[in-house]
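Subject: Structure handover

Hello,

Please find the structure below. My notes on it follow.

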Amino acid sequence: MTFSPLLRVMRIIPALPRSLVGRVFTVFSLTLLLSMGTGLGLFYRYQFLQHIEETQDTALTLVEVATQTIEDSVVIGDYDTVKRTLGKMLFQSPFKRAEFIDVGGGTIRVDAPRVTRALAPRWLTARIAAKLYDVNRIANVGGKDYGVVRLQFDEEKLAAQVWSLVLETAGVAFVVFVASLVLMRTLVRRWLDNLGRLRSFEHDVAAGRVTAEAALLADAPTEIQEAIRAVNRSAASLRDQFGQRIDSLMNSLMQHKSAMDQAAIVCEADAAGAITGVNDLFVTSSGFTRPDVVGQRLADVGRPAGARLPWQPSDRVWNGEVVIAGRHGRRHWYRTIVPMFAAPGTVERYICIDIDITERKEFERTIVENAQRQTLIAELGRKALAANGLDDLFADAADAAARGLGAACAALFETGPDGMRVRAGAGRLAQSTGLQLAGPHGDAHVAAHGTDAALRPWFAPLAALHGIDTGIDTAIVCGERTFGLLGVYAARPRRFGADDANFLHGVANIVATAVERQEARNRLTYLAQYDPLTSLPNRRRLAHSLEDAIAAAARAQGRAAVMFIDLDRFKNVNDMLGHGIGDQLLVQAAKRLSACARADDVVARLGGDEFALVLPALDDDGIAAGIGARVIEALAQPFYLAGQQLFVSASVGIATYPENGRDAETLLKNADTAMYGAKNGGRNNYQFYVAEMHENATQRLQTETQLRQALERGEFLLHYQPKLDLATGTISGFEALLRWNHPQRGLVPPLEFIAILEDTGLILPVGEWVIGEVCRQLKAWQAQGMAVRPVAINLSARQLQQADLAGAVERIVARAGVDPALLEFELTESMLMANPEAAVEILARIKALGMRLSVDDFGTGYSSLAYLKRFPLDALKIDRTFVRDLPDDPDDAAITKAVIRLAHSLSLKVVAEGVENVDQLRELEQYGCDQIQGYYVSRPVPAQACEALLAGTAMA
Ligand SMILES: Nc1nc2c(ncn2[C@@H]2O[C@@H]3COP(=O)(O)O[C@H]4[C@@H](O)[C@H](n5cnc6c(=O)[nH]c(N)nc65)O[C@@H]4COP(=O)(O)O[C@H]3[C@H]2O)c(=O)[nH]1
């Protein structure tokens with residue numbers, strides 16, 4: 001509230017004139033006006049009051065004078081004089097009326113003549129009228145009142161006088177006021193003219209005269225002088241500052257330009273788009289020289305033939321990608337063309353900035369290309385998975401390879417014995433499918449794959465035919481072998497890169513995988529019907545062949561036969577000499593069998609060492625018998641494997657249609673049964689199926705089942721056969737011989753079940769039982785106080801292969817607490833020679849335990865003397881087949897003598913087996929044999945009988 005008048009005044013400010021002169025003038029005028037008004041007002045007021053006061057005083061004086069003047073006249077009643085006196089008094093007085101009112105109320109009135117005069121404002125007249133009062137004076141003469149003299153003021157006259165004064169002074173004041181204003185305005189304008197000079201200073205600066213200074217008038221007011229000086233100083237300071245800024249800006253500009261020259265390809269063009277200059281980067285990046293490009297149209301430089309003009313001169317900034325066919329090849333530039341204006345709307349020149357994005361473009365192209373290639377690979381992979389045959393896939397692969405590399409053509413070659421064969425072609429080579437190209441073959445080119453773009457010599461004829469300039473190829477490698485080559489070829493010179501090679505590899509790998517899969521499929525199909533080892537039909541195919549033969553025989557009302565062939569003792573070969581030798585033996589056996597067969601016969605391998613022979617058209621049994629005999633004969637011949645001679649015989653069973661069965665399964669089963677018959681019949685023979693054989697086979701199966709329980713049931717026992725020392729005539733030891741006490745059959749000899757134990761693997765626990773039982777018996781004999789002799793135990797081939805035979809023996813013997821020297825192990829010659837190195841090691845370990853070792857059935861096998869020396873043996877046992885015909889058979893005698901000499905030369909004892917009579921004894925004695933064993937001394941006897949034998953050891 002307090003500031004409201006001030007605020008009101010402030011509100012006026014915007015209404016003031018905008019120019020300083022106007023404002024100063026206005027303010028000065030107002031101030032002057034206000035001052036003068038106030039002064040005049042106060043003056044008028046003072047004058048007015050003073051005038052009123054003076055007039056009042058004058059009126060009092062006049063009334064006094066008038067009264068005194070008329071007193072005499074009044075006394076005398078000279079009213080004319082009174083009247084005249086009153087009239088005189090009015091002359092030039094401020095009264096308009098003078099009256100004398102006598103005590104009787106009579107009035108002498110004199111009015112002042114009316115004078116026309118300027119009228120004062122009513123308010124002034126009223127105000128004067130209010131201030132003045134009429135003056136009255138009592139005329140008293142001699143103490144007697146004669147009346148009253150009254151004077152009435154003429155307020156109009158007085159107002160006119162006052163108003164006249166006001167007007168005069170106001171007029172003077174106005175003149176002074178106007179004069180003051182004119183003077184003031186003139187002076188202010190003159191002083192402010194100095195500021196006006198700043199405008200010319202501005203023009204000078206605008207005109208580029210930056211060093212110009214604002215001029216000063218000598219009489220300029222100090223403040224303005226200060227202000228202009230300040231302006232000049234500021235201008236100078238700004239000049240300095242701008243100068244520095246400009247220097248810095250120029251410097252910065254130069255650096256920017258230099259940086260831009262380093263980073264960007266820059267060129268300038270005139271308003272018409274013709275190049276006026278280029279930077280170094282333009283030259284290096286494009287390969288063009290400055291003279292090449294200066295003067296040329298910007299839109300045309302490096303433009304590949306036929307390319308659309310990407311830019312036309314315009315007043316707008318242009319952005320876009322351009323392809324420049326430079327001297328170093330095509331470059332991708334990202335271009336920005338900025339118009340530079342001379343004046344609004346008038347382009348003076350163009351700055352063209354290019355960023356080389358060739359690498360990015362290449363990268364993008366590579367990504368797109370890779371994506372396309374991945375798609376092609378994936379697509380080909382899908383086709384490969386679904387493909388049934390390879391031809392379509394090869395064509396797809398060639399097509400994918402050509403498309404993936406964007407090449408004119410591609411081909412897939414298969415390596416063959418005669419060179420390269422075009423398996424599929426794409427593009428120009430599509431018609432070459434099936435073409436055979438002479439040249440390298442096999443694996444000659446395996447290493448020749450990769451990014452080598454040179455065309456191979458053998459491809460040259462095709463290249464010439466189809467206008468192929470260059471190419472890349474890669475090998476299609478299936479596992480260990482090279483299937484062929486996948487090549488991609490271009491009509492124009494082209495450099496294939498690592499990415500191209502990788503893609504081609506990918507395609508080739510898919511092809512290789514498909515080839516491998518196809519081959520695996522073929523192989524599976526083959527394996528489903530053929531035996532991979534011998535390449536003979538397998539059991540399944542044999543069944544079909546047999547069915548076909550049966551059907552044919554049935555149609556012809558003829559006969560057919562199937563022969564079941566099993567190799568005797570093949571298991572031993574396999575176990576002793578290893579599977580490699582076993583396989584070789586089977587292959588050779590298969591060949592021999594095939595040689596025995598007739599053209600229409602089918603030879604098959606059923607598995608393991610079992611073969612079969614289908615004889616489709618059988619006129620009579622004689623033919624089957626003949627072929628059976630041929631088979632026996634063929635397989636009885638020695639096999640030469642791993643540098644040694646091996647003998648295996650065969651057992652052959654023959655079943656005929658329709659007698660022995662009307663279907664393939666029955667016939668084969670019966671042939672199998674017949675084969676067992678042959679085996680039981682001493683092996684190395686053939687037998688036709690007869691109904692009883694079925695009985696035997698069943699019997700064997702039953703035996704096998706019973707044997708499995710025999711050990712648990714304690715049905716095994718040992719008999720002991722003594723050995724006689726010929727030098728002393730005393731029993732030098734025993735041989736433990738296994739017996740099976742069958743609940744129904746009684747004592748079963750080992751030859752009837754040892755083979756089954758071996759076949760079923762039961763020989764291992766039974767063998768351990770034998771060792772344990774011998775130990776137990778020895779302890780029992782010792783406990784009886786018997787002078788115990790060493791006991792020999794037979795080991796089978798399977799036991800020799802037992803992982804830790806020596807360890808098992810050691811544990812059993814240690815557990816029993818038997819002196820190891822009381823134990824002897826007999827191993828057959830063929831067992832030892834099957835894998836002599838392993839045998840040397842095992843025997844050494846057993847020997848180290850303190851036990852004795854001897855070779856059983858010596859002479860029936862094929863011992864290597866070198867190994868014989870290395871085995872830690874104690875004795876050789878001459879097989880009883882050599883002893884049987886002594887002394888009559890000179891051959892046996894010679895062999896026996898030789899064996900005895902050989903054994904002695906190796907410091908080995910010799911035991912002759914199967915001595916049944918005294919002649920044999922004498923003969924052997926003569927040969928120097930150390931010990932004998934046989935029925936002549938004693939048959940194998942139960943343990944209880946041994947003591948009696950020992951008691952009567954001395955021979956007659
Ligand atoms: N004709 C004739 N034969 C005689 C004469 N003296 C002994 N023999 C028989 O010849 C065989 C000698 O045993 P081997 O050659 O080791 O031949 C043994 C041996 O290879 C095997 N064998 C016996 N017991 C075991 C055993 O516990 N383990 C293993 N692995 N094989 C055993 O069984 C084969 C046969 O044993 P056995 O039937 O007990 O037959 C015994 C014995 O009774 C004789 O003067 N004339």
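Leu 298 lies in the loop between α8 (290-293) and β7 (318-326). Helices (H or I, at least four residues) and strands (E, at least two) are DSSP runs, numbered from the N terminus. This is a predicted model: local features need pLDDT of at least 70, side-chain atom pairs count only at pLDDT 80 or more, and totals for chains, interfaces and linings use all residues. Residues are numbered from 1 along each chain as its sequence is written, and side-chain values use heavy atoms, with hydrogens and water left out.

Leu 298 is buried, at a relative accessible area of 1%. Buried means under 20% relative accessible area, exposed over 50%, partly exposed in between (1.4 Å probe, protein chains only). Gly 273 is 25 residues away along the chain, yet its C-alpha atom is separated from that of Leu 298 by 5.7 Å.

Next, the cores. A nonpolar core is a set of buried Ala, Val, Leu, Ile, Met, Phe, Trp, Tyr and Cys residues joined through side-chain atoms within 4.5 Å. The largest has 116 residues. Ile 565, Val 631, Tyr 720 and Val 774 touch the most other members. Helix α20 (residues 763-783) gives the most to this core: eight residues. A second, separate core has 37 residues, including Ala 398 and Leu 486.

Now the sheets. Two strands pair if DSSP finds at least two bridges between them. Five strands form an open sheet, in the order β12-β11-β10-β14-β13, with antiparallel pairing. β12 (436-437) and β13 (470-478) stand at the edges with a single partner strand each, so one side of each is left without a neighbour in the sheet. Two bridges pair β11 (residues 419-427) with β12 in the antiparallel sense. Met 420 has Leu 437 in β12 as its bridge partner.

β28 (residues 875-878) and β29 (residues 909-912) pair in the parallel sense over four bridges. Ala 875 stands opposite Lys 909 in β29. β29 also runs parallel to β30 (residues 931-932), joined by two bridges. Here Val 911 stands opposite Gln 931.

Last, helix α6 (residues 222-263), which holds Leu 238. Is Leu 238 buried or partly exposed? Leu 238 is partly exposed, with a relative accessible area of 40%.

Regards
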